[in-house]
Amino acid sequence: MARIVCQFSCGAASAVATKIALAQYGGTHEVHILNALVQEEHPDNRRFLADCERWFGRAITVLRNERYGASVIEVFRRKQFMKSRYGAPCTAELKRKLLDSWRQPGDVMVFGYTAEEEDRLEDFRERNPDKTVVAPLIERGLGKKDCLAMVERAGIELPTMYRLGYSNANCIGCVKGGEGYFRAIREDFPEEFERLCQVQESIGPGAYLFRDRKTGVRYSLRDIPPGKARRDLSPPACGLQCEIAEQEYTA
Ligand code: SF4
């Protein structure tokens, strides 16, 4: 029988997707929950992981890339770039390859893509026709805000990054973030921001993340123009879909 492999990222969406998958498959299948540890995530992500283990009633297998010390900074330094049109090297090295190395043919992967992310699921399926992936949140019409509310209703404190107004519990200073996001990171986490600036400067303009829309000239994190920091402190919303999905694991 196929193994069910849940990818738990320390985000609310993957927590709810895992909880639903356990309710759906836990009694009939071998279910594994995997997490790829990344040093640059907020330390409170580890507290959230432990809380979720109690919620799931299962241990989470934590994988760690030893080659790069599980550090995005080390990946950037050794790869000599921070992001390209093919994605970020840190995701590939610290998460994707690690999780792939653990998988076996025939595994069914559980992703925490939300109702807003149907395109990502379609893209993934197109690019990986040999892999079987299920997305319990999309199947149930659950969005990001629904998941935040469901985690809180389970009595689990959301990871600190959400509580500060960030839309996910990614690394502090995720290279996929925009300028408004990095302005917020510069204010809230000056040391982490400085570390990113330093590694970027050591690589040079090839590592710059932003480009002036008019001139096309690329610029560094340190040269982000003045503007608004982007945070969202609106409370988690919750609809009927949450209640229906919650019944699956509370019944
Ligand atoms: S969260 Fe962002 S910075 Fe961290 S590994 Fe993923 S892409 Fe890289």
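**Exercise 1.** In which helix is N45 found?

*Solution.* N45 is found in helix α2, where helices (H or I, at least four residues) and strands (E, at least two) are DSSP runs, numbered from the N terminus. The model is a predicted one, in which local features need pLDDT of at least 70 and side-chain atom pairs count only at pLDDT 80 or more, whereas totals for chains, interfaces and linings use all residues. Residues are numbered from 1 along each chain as its sequence is written, and side-chain values use heavy atoms, with hydrogens and water left out.

**Exercise 2.** Describe the setting of M161.

*Solution.* Step 1: M161 lies in helix α8 and, at 1% relative accessibility, counts as buried.

Step 1: leaving out residues up to four places away in sequence, the contacts of M161 are H42, Y166, N168, A169, N170, I172, I185 and F189.

Step 2: from M161 to C171 there are 10 residues in sequence and 9.2 Å in space, C-alpha to C-alpha.

**Exercise 3.** Which residues of the largest nonpolar core touch the most other members, and which element gives the most to this core?

*Solution.* Step 1: a nonpolar core is a set of buried Ala, Val, Leu, Ile, Met, Phe, Trp, Tyr and Cys residues joined through side-chain atoms within 4.5 Å. In soluble globular proteins, nonpolar side chains tend to be buried together.

Step 1: the largest nonpolar core holds 37 residues, of which F8, A15, V16, F48, F56, L137 and V151 touch the most other members. Two or more residues of this core come from each of β1 (4-7), α1 (12-25), β2 (31-36), α2 (44-56), β4 (108-110), α7 (144-153) and α11 (240-250). The element that gives the most is α1, with 9 residues.

Step 2: A15 touches F8, F48, C52, W55, F56 and V151, when residues up to four places away in sequence are not counted. Apart from this core lies another, of 32 residues, among them V38, I172, A207 and Y219.

**Exercise 4.** Why is helix α9 described as largely enclosed?

*Solution.* Step 1: helix α9 (residues 179-188) has 10 residues, 7 of which are buried, so the helix is largely enclosed by the rest of the structure.

Step 1: the buried residues are E179, G180, Y181, F182, R183, A184 and I185. Their cover includes α8 (160-163), α10 (190-203), β6 (210-211) and β7 (218-219).

**Exercise 5.** Which residues surround the ligand, and how do they divide by class?

*Solution.* Step 1: with a cut-off of one heavy atom within 4 Å, the ligand is surrounded by V72, C90, T91, K95, N170, C171, C174, V175 and K176.

Step 1: helix α4 (residues 89-102) supplies the largest share of this shell, 3 residues.

Step 2: the shell has 5 nonpolar, 2 polar and 2 charged residues. Here Ala, Val, Leu, Ile, Met, Phe, Trp, Tyr, Cys and Pro count as nonpolar, Asp, Glu, Lys and Arg as charged, and the others, Gly among them, as polar.

**Exercise 6.** Compare the positions of A70 and Q80.

*Solution.* Step 1: A70 is not a glycine, yet has a positive phi of about 60°. Q80, also a residue other than glycine, has a positive phi near 65°.

Step 1: A70 lies in the loop between β3 (61-63) and α3 (72-79), and Q80 in the loop between α3 and α4.

Step 2: A70 is buried, with a relative accessible area of 0%, whereas Q80, at 43% relative accessibility, counts as partly exposed.

Technical notes:
Buried < 20%, exposed > 50% of the residue type's maximum accessible area, 1.4 Å probe, protein only. Contact = heavy atoms within 4.5 Å.
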